[in-house]
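Please open the structure in your viewer and keep the selection tool at hand. The stops below tell you what to select next and what to look for there.

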Amino acid sequence: MLKLFISLALSVITLCCQAQEAQPFKGKFYNEEYQIYLTIDAYEQSLRVPGQEVFGEVPGYLSSKRDSRVWLLTDVTVKNDHSAVIDVINDYGSEDFTALLTLDGEGNITMKHQEGSTYKIVVKNKYVKIPSKIVLKPVK
C-alpha cells in the first residue's frame, strides 16, 4: 500500500513538473536576417520593457538591434501548444497589427501578419518593412 501511494505521488509530481515546463510561448526568439527579437511570456504576461518601464507589465515586445523603438504585445491568446495570436502596438500607439505565431518541432516560431499596420523598423533613418512571415529562433 505504501509503495502504491509513493509511486502515485511521484507520478503526480512528475506530471505537474511537465505541465509547468510545457510553455512554448515563453522566452526570447531572434531573426538574424532582420535582427529582430521577440521577447514573450504568454502565460504570466508580466514582462517589463528594459528602459521603458512606463508601459508596465506586458505579455511581451518586439525589438531590434538596429532600432531603439519597440512594439508592445498588448494581448496574447494561446490557442494550443503550437499556435498563439498576438496583438501588437508600436510604442507611440499610432500603429498596430495582429499576428499568428506558430511553433515548429525545433522550437522556432513563425510569425505571420494577419491584419493591421505593416511591421517596420528604422535602419539608417529609413523605414524597413518586415515581411509578413518571418521565422524567429530561440535564443539560448
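Begin by selecting threonine 110, which, in this predicted model, has a relative accessible area of 19% and therefore counts as buried, since the cut-off for that word is under 20%. The residue belongs to strand β7, which covers residues 109-116. If you leave aside residues up to four places away in sequence and display what threonine 110 touches, you will find Leu100, Leu101 and Thr102, together with Lys133, Ile134 and Val135.

Next, turn to the charged side chains. Side chains of opposite charge can pair when their charged atoms come close. How many salt bridges does a search of the whole structure find? The search finds three, and each of them can be visited in turn.

For one of these pairs, select lysine 26 and aspartate 41, whose closest N and O atoms are 3.9 Å apart in a salt bridge. Lysine 26 lies in strand β1 (residues 26-31) and aspartate 41 in strand β2 (residues 36-41), so this pair ties together parts that are 15 residues apart in sequence. As you colour the two partners by accessibility, note that lysine 26 is partly exposed at 38% relative accessible area, whereas aspartate 41 is buried at 5%.

Then select lysine 120 and glutamate 95, which form a salt bridge with 2.9 Å between the closest N and O atoms. This pair links distant parts of the chain, 25 residues apart, with lysine 120 in strand β8 (residues 120-123) and glutamate 95 in the loop between β5 and β6. Are these two residues buried or exposed? Both lysine 120 and glutamate 95 are buried.

Now select arginine 69 and aspartate 67, a salt bridge in which the closest N and O atoms are 3.2 Å apart. Arginine 69 counts as partly exposed, with 24% relative accessibility, while aspartate 67 counts as buried, with 9%.

Aspartate 91 sits in the loop between β5 (83-90) and β6 (96-103), and its relative accessible area of 19% makes it buried.

Technical notes: Residues are numbered from 1 along each chain as its sequence is written. This is a predicted model: local features need pLDDT of at least 70, side-chain atom pairs count only at pLDDT 80 or more; totals for chains, interfaces and linings use all residues. Side-chain values use heavy atoms; hydrogens and water are left out. Helices (H or I, at least four residues) and strands (E, at least two) are DSSP runs, numbered from the N terminus. Buried means under 20% relative accessible area, exposed over 50%, partly exposed in between (1.4 Å probe, protein chains only). A salt bridge is a side-chain nitrogen of Lys or Arg within 4 Å of a carboxyl oxygen of Asp or Glu. Contact means heavy atoms within 4.5 Å.
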